[in-house]
Amino acid sequence: MEELGQFKRALIDATAGAISGGISRTVTSPLDVIKIRFQVQLEPTASWALLRKDLPGSSKYTGMFQATKDILREEGLPGFWRGNVPALLMVMPYTAIQFAVLHKLKTFASGSSKTVDHINISPYLSYASGALAGCAATVGSYPFDLLRTILASQGEPKVYPNMRSALFDIIKTRGFRGLYAGLSPTLVEIIPYAGLQFGTYDTFKRWTMAWNRLRSSNTSSTMDDSPSSFQLFICGLAAGTCAKLVCHPLDVVKKRFQVDL
């Protein structure tokens with residue numbers, strides 16, 4: 001019965017993660033497309049860089065607003081959701097695997113399947129659990145990540161009109177191994193990224209609970225120290241921002257490997 005409860009909990013976590021990941025990916029797709037265009041652009045990406053004599057030519061995208069206007073003019077609104085289908089196909093198994101593996105690892109580390117007990121594991125185990133869960137999710141969904149990057153990085157004229165043509169061309173020219181091009185630098189990136197994301201999230205959550213207890217004791221109230229939905233949102237936002245700032249250079253390297261087929 002206990003094993004059935006653990007499986008049900010893992011299934012709920014995986015489903016919730018997949019749905020929320022799909023929604024957030026669709027909403028933020030325009031920003032992701034712009035980010036990828038800058039990451040794979042080899043020319044100088046700032047107008048001041050053109051003053052240097054050793055940099056040839058001018059870059060197509062020199063700023064976020066200029067890139068937005070160019071994409072809108074050349075590709076229309078659909079251009080901002082280019083590669084969103086493989087992105088959704090990636091993010092759903094990615095988040096499902098990530099949350100399921102993370103829950104299993106934290107259950108093993110804490111000795112309890114209850115999520116409330118997972119906050120008590122050490123920060124080191126939080127970082128390690130997040131890193132391992134990120135690796136498992138990356139390996140399980142990587143071909144979709146590769147296709148998403150290739151399609152989103154295309155301007156006009158397009159090399160691949162859709163996901164199917166990109167998939168068949170990669171398999172034809174590189175074999176099935178081509179679908180995992182750039183996996184090594186991706187794992188190098190995801191280990192610190194996922195570790196920092198989940199590790200710092202748990203740390204911020206513990207700090208928030210301590211703050212709630214302190215505030216409750218000062219006001220002599222019996223308020224629960226559990227973080228509110230807004231506090232959890234802030235913890236997640238801060239954790240994701242910290243992880244992205246630290247690991248962004250590795251993400252640029254990963255994107256270059258993915259488009260260099």
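Biologist: In which helix does Ser126 lie?

Modeller: Ser126 sits in helix 6, which spans residues 123–152. Keep in mind that this is a predicted model.

Biologist: Is Ser126 buried or exposed?

Modeller: Ser126 has a relative accessible area of 0%, so it is buried. The cut-off for buried is under 20%.

Biologist: Which residues does Ser126 touch, leaving out those up to four places away in sequence?

Modeller: Ser126 touches Ile121, Phe198, Gly199, Asp202 and Arg206. With Asp202 there is also a polar contact, side chain to side chain, at 3.0 Å.

Biologist: Asp202 again. With which residue does Asp202 form a salt bridge?

Modeller: The partner is Lys106, and the closest N and O atoms are 2.8 Å apart. Next, look at where the two partners lie. Lys106 belongs to helix 4 (residues 84–110) and Asp202 to helix 8, so to speak distant parts of the chain, 96 residues apart. Lys106 is buried, with a relative accessible area of 9%. Asp202 is buried too, at 4%.

Biologist: How many salt bridges does the structure hold?

Modeller: There are 14. Take Asp145 and Lys254, whose side chains meet at 3.4 Å, N to O.

Biologist: Where do Asp251 and Lys255 lie?

Modeller: Both are in helix 9, four residues apart, about one turn of the helix. Asp251 and Lys255 are both buried.

Biologist: Now the rings. What describes a pair of aromatic rings?

Modeller: Two values do: the distance of the centres and the angle of the planes. Here the count comes to five aromatic pairs. In one of them, Phe38 and Tyr61, the centres are 6.2 Å apart and the planes stand at 55 degrees, so the pair is tilted. Phe38 lies in helix 2 (residues 29–40) and Tyr61 in the loop between helix 2 and helix 3 (64–75), so the pair ties together parts 23 residues apart in sequence. Phe38 is partly exposed at 22% relative accessibility, whereas Tyr61 is buried at 5%.

Biologist: How far apart are the ring centres of Phe204 and Trp207?

Modeller: They are 5.6 Å apart, with the planes at 55 degrees, so this pair is tilted. Both residues lie in helix 8 (residues 183–218), three residues apart, about one turn. Phe204 counts as buried at 19% relative accessibility. Trp207 counts as exposed at 57%.

Biologist: Last, the surface. Which residues form a nonpolar patch there?

Modeller: Phe230, Phe233, Ile234 and Leu237, with about 430 Å² of accessible area together. Ile234 is in helix 9, residues 229–259. At 36% relative accessibility, Ile234 counts as partly exposed.

Notes: Residues numbered from 1 in each chain as written. Predicted model: local features only at pLDDT ≥ 70, side-chain atom pairs only at ≥ 80, totals over all residues. Heavy atoms only, no water. Patch = residues over 30% accessible without salt bridge, like charges linked within 9 Å, V, L, I, M, F, W, Y side chains within 5 Å. Areas by Shrake-Rupley, 256 points an atom, 1.4 Å probe, with all protein chains shown as cover. Salt bridge = Lys/Arg side-chain N within 4 Å of Asp/Glu carboxyl O. Helix = DSSP H or I, 4+ residues; strand = E, 2+ residues; numbered from the N terminus. Buried < 20%, exposed > 50% of the residue type's maximum accessible area, 1.4 Å probe, protein only. Polar contact = N/O pair within 3.5 Å; in protein donor to acceptor, adjacent residues only side chain to side chain. Contact = heavy atoms within 4.5 Å. Phe/Tyr/Trp six-rings, centres within 6.5 Å; stacked < 30°, edge-to-face > 60°.
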